[in-house]
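User: I have a chain open and want to talk through how it is put together. Can we start with the core and go from there?

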Amino acid sequence: LFSAGRVDVVSILTPDHLHRTHTEAACAAGIQILLTKPIAPTLPDARSIVACAKKAGVHLMIHQEMRFRSIYPRARELIASGRLGEIAFIGITELCQYVREKFANAPWYATRESGRTMVTGSGVHQVDMIRWLCGNPVRKVTALGNRVGDLPYWHNKTIVALLEFEGLAGIGQLTFSYEGMP
């Protein structure tokens, strides 16, 4: 399909460990890329994907769809306008009970070999969202996690992280749980 020259943009929605190979093929064909998150299961793969896109001169965008849900642009607008005052605290909690079905339907998702953790898988949306809402990079993270619960998973299933932002006195908190009940 790529070699036929009829593709302008590709959305890569494959398992994480295949992102590098599929992105490299799209770059070689000069095709613009919308890549599902996480960019890759390892930092070397992520760096390679970014370098490949730059070298090929193609646009690479990581799909962060939460930014386009109706409530979040309005929240960002309110924060940026100053109407809410100085940010003292901003928190996002995600109780991801839906992963039980996801793991059953796509077993690769929950394996150590996939490299996917709660933060790089489900939690990446909340990490992106809190950074986007604040408009400032994260300077420091302090986090704790545990594997409590009956869901078979190779990594932490509940994580709480406190964030300090550059240029903000306020504190951020992210809470993710595959075991937490709403």
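Analyst: Starting inside, and setting aside residues up to four places away in sequence, Ile130 touches Ile90, Ile92, Leu163, Phe165, Gly172, Gln173 and Leu174. Keep in mind that this is a predicted model.

User: Which residues touch the most other members of the largest nonpolar core?

Analyst: Ile90, Phe103, Ile130, Leu174 and Tyr178 do, in a core of 26 residues.

User: And which elements give two or more residues to this core?

Analyst: Strands E4 (89-95), E6 (158-165) and E7 (171-177), plus helices H4 (99-105) and H5 (124-134). H5 gives the most, with 5 residues.

User: What about a second core, what does that include?

Analyst: There is a separate core of 14 residues, and Cys27, Ile33, Ile49 and Val58 are among them.

User: How many residues does H2 have, and what does it reach from its first C-alpha to its last?

Analyst: H2 covers residues 43-56, which is 14 residues, and reaches 20 Å. That is close to the 20 Å expected at 1.5 Å a residue.

User: What happens at the start of H2, and what follows the helix?

Analyst: At the start, a side-chain oxygen of Thr42 comes to within 3.1 Å of the backbone nitrogen of Asp45. After the helix comes Gly57, with a positive phi near 70°.

User: Changing topic. Asp16: where does it lie, and is it buried or exposed?

Analyst: Asp16 is in the loop between strand E1 (9-12) and H1. Its relative accessibility is 1%, and buried means under 20%, so Asp16 counts as buried.

User: Which side chain does a polar contact join to that of Asp16?

Analyst: That of Arg116, at 2.4 Å. Not counting residues up to four places away in sequence, Asp16 touches Arg116 along with Lys37, Pro38, Ala40, Pro41, Trp108 and Ser114.

User: Now Val141. Which strand is that in, and what is it in contact with?

Analyst: Val141 lies in strand E5 (residues 138-146). Leaving aside neighbours within four places in sequence, Val141 is in contact with Ala161, Leu162 and Leu163.

User: How are Val141 and Ile171 separated?

Analyst: They are 30 residues apart along the chain, and their C-alpha atoms are separated by 10 Å.

User: Zooming out, how many helices and strands does the protein chain have, and what pattern does it follow?

Analyst: It has 5 helices and 7 strands. Along the sequence the pattern reads β-α-β-α-β-α-β-α-α-β-β-β.

User: What does the C-alpha trace span, and what percentage of the residues is buried?

Analyst: The C-alpha trace spans about 55 × 45 × 30 Å along its principal axes. Of the 182 residues in the protein chain, 38% are buried.

User: Last one: what share of the contacts comes from residues 24 or more positions apart?

Analyst: Among contacts with a separation of 6 or more, those residues account for 61%.

Definitions and conventions: Residues are numbered from 1 along each chain as its sequence is written. This is a predicted model: local features need pLDDT of at least 70, side-chain atom pairs count only at pLDDT 80 or more; totals for chains, interfaces and linings use all residues. Side-chain values use heavy atoms; hydrogens and water are left out. Helices (H or I, at least four residues) and strands (E, at least two) are DSSP runs, numbered from the N terminus. The expected span of a helix is 1.5 Å times one less than its number of residues. A polar contact is a pair of N or O atoms within 3.5 Å; within protein, one must be able to donate a hydrogen and the other to accept it, and residues adjacent in sequence count only if both atoms are side-chain atoms. Buried means under 20% relative accessible area, exposed over 50%, partly exposed in between (1.4 Å probe, protein chains only). Contact means heavy atoms within 4.5 Å. A nonpolar core is a set of buried Ala, Val, Leu, Ile, Met, Phe, Trp, Tyr and Cys residues joined through side-chain atoms within 4.5 Å.
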